[in-house]
Amino acid sequence: MKKIIVGMGTCGLSAGAQPVYDKLKELSEAHSEICELDITGCIGMCFREPLVEIQDESGRTIYGDVSSELAEEIFNEHVLSGKKVDDERIIFSVASDGSTSGSEATFLDLQERIVLRNCGIINPESIEDYEEIGGYQGLKKALTEITPEEIIQTMKDSGLRGRGGAGFPTGLKWSFAAANKGDTKYVVCNADEGDPGAFMDRSVLEGDPHAVIEGMIICGKAIGASFGYIYCRAEYPLAIARLEKAITAAKKKGYLGENIFGSGFTFNMKIKQGAGAFVCGEETALFASIEGERGMPRIRPPFPAEKGLWQKPTNNNNVETFANVPWIIANGAKAYSSIGTPKSPGTKVFALAGKVAKGGLAEVPMGTTIEQLVFNIGGGIKEGGEFKAVQMGGPSGGCIPASLKHTPVDFESIPTTGAIMGSGGMVVMDQGTCMVGIARFFLDFTQSESCGKCTFCRIGTLRMLEILDRITRGEGVSEDIPKLEKLSIQIKEASLCGLGQTAPNPVQTTIRYYLDEYKAHIEDKKCPAGECEALVDFVIIPEKCVGCTLCARACPVDAIAGKVKEVHVIDQEKCVKCGKCITSCNFGAVVKR
Amino acid sequence: MEKSPPGVPVVIMKGVMKTAAKKESFNYRLWKYDGAPGELIPLLQSAQEHFGYIPRRAITYISGVTAIPESDIFGVITFYSQFRLQPMGKFVVRACAGTACHVSGAKAIIDTIEDELEVEVGDTSEDGLFTFLTVACIGCCSLAPVIMVNDDTHGRLTPASLRKILKEYRRKGKKIAESAVGAS
């Protein structure tokens, strides 16, 4: 029996996996005696979606950039006649002897997959698929073979640190919640992945929801909780749908509910949808949101382990952390701690995006360098650009310049650069990205997402944004940089939660590494990257202009001259830099310089 | 506001009879509300799903059932970016303004949408066809720059390809409107 698998994560669907699936469904139903059709989550190669995998006697073959026409061709050639279609489309294959080949083989070969162990392999909507590859065996061990103390000891020995960004040792966190007496305790899974540029939690929830559920139940046993909440962003409808399906299936099979595995242990869980507030990624704000209030952080202490959700002892971990748990329990602490670095054991999933050639998800051992991630796995910079910086940790993180590309990625090394590990978003930038613009972009984000509780975060970020706005408009003055530095320190010191404490990071790191660019904006009124509209010239590339007159008609100040079918020219004296010519041109002939 | 008697106001009961079969509808959720804490946000979410936005009367209903003051409910609505107090257009255009899209030229995409649809971020076009919003991240960063129109995602956009897509939606929307007029 041949198996046809279509990647149906959000990335696959938005690249057009649905028509491919429909086509293959129609074809495979007509030949149901020789093949079956299945779906899977994101395998991480988002840059080649939609992906179709064929499993037959020759092994696994993955085709990339599949259209419904190509799907039909693959079906007729590969599935029906057994000959593989055109080599260029095969991006990855595993022969029956285990050897790998294909144009994107290095992308997967360089990775070490624990969290993503099942993503892109199993059908996330089938609990049987998960069981078949050893699913819920970690839970069985945790409930029937070892004590809660031993679970916590295993977690401590594994050295797993929270994957949400702060890197707090998971075993230690669990021991705090376990030590607090109380008849009601809660396990909360933070799936409010708000960092723009990070999408690993979404892929795990979409591709392997049972791993997260299993991890949460094990945590419940360890700390003595019998109820769990998954707080998931409403912007992830597919993840929520698959989680709901998974919870229902787990209840049916007896992994959730009363007397699980006959151990007398009871655990239930519920999904809570977030409503779009970045600050709810902060745990006390998240609790407030679950309780139905405005998601504003609370003062600590008391810490969540003592008084968390509904004022009860609560343990809150991130999706990726929970997905690690069943593997650690099943394979032992040693297997996990032997991967990565001594102080940051294990693996970490990174979401590669931006100007990187191969954007997608990559899971690597801790301690892998930025260079290895961007160049060896990510394939370097798109369109032959020059590597300028990588932004890590989202709006709370910072920009790491190309000169520090040898920095190993772990909880000790990254903070020395001024950035943070964060949840694992890695946005790669090339020479066309303005670093002042990036700082402004993040400040704009944190400023609008500040909940307003702490004055410095509420007003201070707005003042910083105004200064950065002014600099990018070419109206900056030399006192602006010391002002930004001073405000950064004040906001960090006078904010209650992580949002405010880290909001100045993007500004501080860009000032630290790209002071020249700030100075060019302020003193020379130039944007070296050619991005800030007020500081660049709009020009028409003669070779690309076909003389369609669209830009001349769009120009509100009649700054563009030229006749039909002749090259147009922009009068720099008249130009007000509104950008209408760029958005109106159908040939990409207008550029900023 | 005073706490209403247990159960649901009569106005809503009428609706429940009709829609109780539809699982977890707004009315059904209100009807089954049993005072369990933390239900406000799910109630608001189902109200928005039902009406397309949160109308004034939905706030009154929810307040009546849950005994949460209307002012508190309003406070929660305005805190979260998901909730809207105005009706949405037929097509909700969400431009991704995440980091990856920013680096890949989201600014030009947003400008193009504003220009083509003649709406600003957060507004609905005069003909009621389009509502234009920006979102922090849609989560398909490798396809940047990306927009979503209702539930469909369009990626790897240029100003030119984007205009084509928007024009197609406008044509579709006008067609639907015309056929609705013809039918009535």
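**Note on a predicted two-chain model**

1. Start inside chain B. Ala95(B) has Thr134(B), in strand 2 of chain B, as its bridge partner. The model is predicted, so read each point below as computed from it.

2. That bridge belongs to a strand pairing. Strand 1 (residues 91-96) of chain B runs parallel to strand 2 of chain B, and six bridges link the two. Is strand 2 of chain B mostly covered or mostly open? Mostly covered: five of its six residues, which span 130-135, are buried.

3. Now look at where the chains meet. Chain A brings 52 residues to the contact, and chain B brings 40 residues. About 3,500 Å² is buried between chain B and chain A. Carbon and sulfur atoms give 57% of that area.

4. In a salt bridge of 3.7 Å, N to O, the side chain of Lys270(A) meets that of Glu39(B).

5. Which helices of chain B supply at least two residues each to the side that touches chain A? They are helix 3 (40-51), helix 5 (70-79), helix 6 (99-103), helix 7 (106-117) and helix 8 (159-183). Helix 7 of chain B gives the largest share, five residues. By class, this side of chain B has 20 nonpolar, 14 polar and six charged residues.

6. Turn to chain A and one residue in particular. Asp38(A) sits in strand 2 (residues 35-40) of chain A. Why does Asp38(A) count as buried? Its relative accessibility is 15%, and buried means under 20%. The Asp38(A) side chain makes a polar contact of 2.6 Å with the side chain of Asn123(A). Setting aside neighbours within four places in sequence, Asp38(A) is in contact with Lys3(A), Ile4(A), Ile5(A), Val6(A), Asn123(A) and Asp129(A).

7. Finish with helix 22 (residues 515-522) of chain A. Its buried residues are Glu517(A), Tyr518(A), Ala520(A), His521(A) and Ile522(A). What do the buried residues of helix 22 of chain A pack against? One partner is a strand, strand 14 (387-392) of chain A. The others are helix 17 (435-449), helix 18 (455-472), helix 19 (480-493) and helix 21 (505-513) of chain A.

Technical notes. Residues are numbered from 1 along each chain as its sequence is written. Chains are lettered from A and ligands numbered from 1 in the order in which they are written. This is a predicted model: local features need pLDDT of at least 70, side-chain atom pairs count only at pLDDT 80 or more; totals for chains, interfaces and linings use all residues. Side-chain values use heavy atoms; hydrogens and water are left out. Contact means heavy atoms within 4.5 Å. Buried area is the accessible area (1.4 Å probe) that two parts lose on being put together, summed over both. A salt bridge is a side-chain nitrogen of Lys or Arg within 4 Å of a carboxyl oxygen of Asp or Glu. Helices (H or I, at least four residues) and strands (E, at least two) are DSSP runs, numbered from the N terminus. Ala, Val, Leu, Ile, Met, Phe, Trp, Tyr, Cys and Pro count as nonpolar, Asp, Glu, Lys and Arg as charged, and the others, Gly among them, as polar. Buried means under 20% relative accessible area, exposed over 50%, partly exposed in between (1.4 Å probe, protein chains only). Two strands pair if DSSP finds at least two bridges between them. A polar contact is a pair of N or O atoms within 3.5 Å; within protein, one must be able to donate a hydrogen and the other to accept it, and residues adjacent in sequence count only if both atoms are side-chain atoms.
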